[in-house]
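This report describes one protein model. Please consult the sequence and the coordinates alongside the text.

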Amino acid sequence: ATALLELKDWDRATEVLNGFRADYRGHKLQPEVTKKLAHAYREGGKLALAGAEYERIETETKDPDLRSAALQVAGELYTEAKEVDKALAVYRRYLGYFPRPLDVALEMRFKVAGILKSRGETDAYFAELKQIISADAGGGKERTSRTRYLAASSLITLTEPAFEQFAQIKPVKPFEQNLAKKKAGLKIVKDGFESVLRYEIGETTAAATFYLAEMYYLFNRALVESERPNDLSRDEKEQYELALEEQAFPFEEKAIEVHQKNTELIALGVYNNWVDKSFMKLANLVPARYAKFEESSGYVETFDRVSAIAQVTTPKAAVVQAPPAVPAAEPPKDDTVEAQIELKNVPPVETAAPAQVVVPSPDVVSPTIEPQPQTTAATPDAPTAEVVKPAEIVKPANVVKPAPKRKPAGPSKPK
């Protein structure tokens, strides 16, 4: 059997183990056979049979920890196998044997309550919830955040029917009697949900706060929509309406305040469905502040990571600065006598001050510029000019004297 278990041949292993159990009933290895059968059935997917073997383990041992663990596993296997009646019996058996430790016992009782709820046994379901609340209240130092959560959740469930009854009461004729019922229902609901707040559990606090806010709002609407007396004059009816609004308005303000308190739980790290519901209620009650929805800014192009990296990493072509312009070749000079006479009458020209040379900062790295040699295109009327290098910056004179007369190349013939 052990070899078959190692090979994970669960069916063959269970056959051998059951054969050993039938042939050697009083053998000292019978408890080990039960454990191996429980394991084989569980791994083989036969959960109900595995649950039965775990129940047998509880009866074959005197170790309290092993007994407790065996019953817990048996109940889980029966629940998973949808054997609800067997699961309920195992959980009740556990509670009879092991009322302590408190946290595990309350978990088992909460599972019992869940089964009763699924079967529609409302009275028994509520009875189990009351026992959870009572056990947690008397738990002393054994209380944990989990036990307080189970108790607070149970109290919310027990208070919700009172809230529903309160919501159904309408202040109609006889007005005074129904209004008195409405106030009595408000007090019951208020006391129940305020008791939940004292457990100081985030999720249940959000739920109770939402219900309290809705309680105030429903009372406000009940007053505003209440049935009016028929024997009032026009003036009396107006005064009645004003008085009714004065009575109802504080309850609406209280509802808004409590819903806002619920949304403030986000700052404490609590955000759940109840907080979200408060936001939706505030959007209706205070639309100028809370009914602000996001507006689409249109199509946003998807970020292309590959293209963005390529733009950053791809080297760009260096921008080469053009070398200083080469002065154009001077036009051919007229060496005639008339030209020389006109040159004498030209007044001297003052040169403009040279532009200030900006020295680059040492922090700025200028790109290396390789000047390209350029040639001046030749024209039919002028000789080819050589490339002129840029002249060095020299201190200019204040006045540029006219160039000296050149000796004519040859006498010109009179026209």
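## Overall architecture

The structure is a predicted model. Its secondary structure consists of 16 helices and zero strands. The protein has 415 residues, and 28% of them are buried.

When contacts between residues at least 6 apart in sequence are considered, 59% join residues at least 24 apart. The accessible surface amounts to about 29,400 Å², and carbon and sulfur atoms account for 55% of that area.

## Confidence

The average pLDDT of the protein is 80, with 70% of the residues scoring at least 70. Confidence is highest in helix α8, residues 122–137, where the mean is 97. It is lowest in helix α16, residues 337–344, where the mean is 43.

Where pLDDT is low, the predicted coordinates should not be read in detail.

## Nonpolar cores

In soluble globular proteins, nonpolar side chains tend to be buried together. In this model, the largest nonpolar core contains 34 residues. The members that touch the most other members are Tyr54, Leu77, Tyr91 and Val112. At least two residues of this core come from each of α3 (30–43), α4 (47–60), α5 (64–80), α6 (84–97), α7 (102–118) and α8. Helix α7 supplies the largest share, eight residues.

Leaving aside residues up to four places away in sequence, Tyr54 is in contact with Ala38, Arg42, Ala70, Val73, Ala74 and Leu77.

## Glu55, a buried residue in α4

Glu55 lies in helix α4. Is this residue buried or exposed, given a relative accessibility of 18%? Glu55 counts as buried because its relative accessibility of 18% falls under the 20% cut-off.

With residues up to four places away in sequence again left out, Glu55 touches Ala74, Tyr78, Val90 and Arg93.

How values were computed: Residues are numbered from 1 along each chain as its sequence is written. Side-chain values use heavy atoms; hydrogens and water are left out. Helices (H or I, at least four residues) and strands (E, at least two) are DSSP runs, numbered from the N terminus. Buried means under 20% relative accessible area, exposed over 50%, partly exposed in between (1.4 Å probe, protein chains only). Contact means heavy atoms within 4.5 Å. Accessible areas come from the Shrake-Rupley method with a 1.4 Å probe; for residues, only the protein chains shown count as cover. pLDDT is the predictor's confidence in each residue, from 0 to 100. A nonpolar core is a set of buried Ala, Val, Leu, Ile, Met, Phe, Trp, Tyr and Cys residues joined through side-chain atoms within 4.5 Å.
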